[in-house]
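Me: I've got a structure open and a few quick things to check. Can you walk me through them?

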Amino acid sequence: MPLVASDDRISPLYFAYRRKSENYEHKETFHSHLGLEVLFIHQGRGTMIVNNISYEIKPGMLCIFQPCQLHHLKLEYDNQQCFERSIAIFEPTVYESYFKQWPALHEFYNFIYLGNLPFPCLYEVDDPYLDSAYKSMHDRFPTLTGMEKYEEISLFLVALFRSLKQIWDKRKE
């Protein structure tokens, strides 16, 4: 089973809730991940490059990076600004089976994971369920062990993708 490294431990999910970077802590490099990344920006400004297109980084921005998708973040740290974000990176094939019982959600999950996304970023996302999913996982994750971890991660991802689907569907209207 493919796993993602997290804080020097092996974990099926790389996760952070409201992680802050200040004073140029976040390195400016093009990078990618083996897994799917869902990034929500709480605070911060700068420029992001994805698929050779520049996007303005600002609070309320939601980004989805498919596996191995190259992206670059150049952050502004002027005037004591910080970069605060919530992140979930995971191997999507490990959790796909959890979505099969909900056909519409499963179709959306596969679209996000494998589809040709028309854009990687959504702006002005203000969804309490999205933040709630991240916060709930943040509160539970440190105490989980073994198979309990996979169960909670699958529940987190179902909640996260339910929120993402509602946000995505609103943008299509």
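Me: How many bridges join β5 to β6, and do they run parallel or antiparallel?
Reply: This is a predicted model. In it, 5 bridges join β5, residues 46-50, to β6, residues 53-57. The two strands run antiparallel.

Me: Which residue is the bridge partner of Gly46?
Reply: Ile57, in β6.

Me: And what sits between the strands β5 and β6?
Reply: They form a hairpin, with 2 residues between them. Asn51 is in the turn. Its phi is positive, about 55°.

Me: Switching topic. How many disulfides are there?
Reply: The structure holds 0. Cys82 is in no disulfide. The nearest cysteine sulfur to that of Cys82 belongs to Cys63, 16 Å away.

Me: Is Cys82 buried or exposed?
Reply: Buried, because its relative accessible area is 10%, and the cut-off for buried is under 20%.

Me: Last one. Where is Pro142?
Reply: In the loop between α3, residues 128-140, and α4, residues 146-172.

Me: Why does Pro142 count as exposed?
Reply: Because its relative accessible area is 64%, and exposed means over 50%.

Me: How far apart are the C-alpha atoms of Pro142 and Asn116?
Reply: They are separated by 35 Å. Along the chain, Pro142 and Asn116 are 26 residues apart.

Notes: Residues are numbered from 1 along each chain as its sequence is written. This is a predicted model: local features need pLDDT of at least 70, side-chain atom pairs count only at pLDDT 80 or more; totals for chains, interfaces and linings use all residues. Side-chain values use heavy atoms; hydrogens and water are left out. Two strands pair if DSSP finds at least two bridges between them. Helices (H or I, at least four residues) and strands (E, at least two) are DSSP runs, numbered from the N terminus. Buried means under 20% relative accessible area, exposed over 50%, partly exposed in between (1.4 Å probe, protein chains only). A disulfide is a pair of cysteine sulfur atoms within 2.5 Å.
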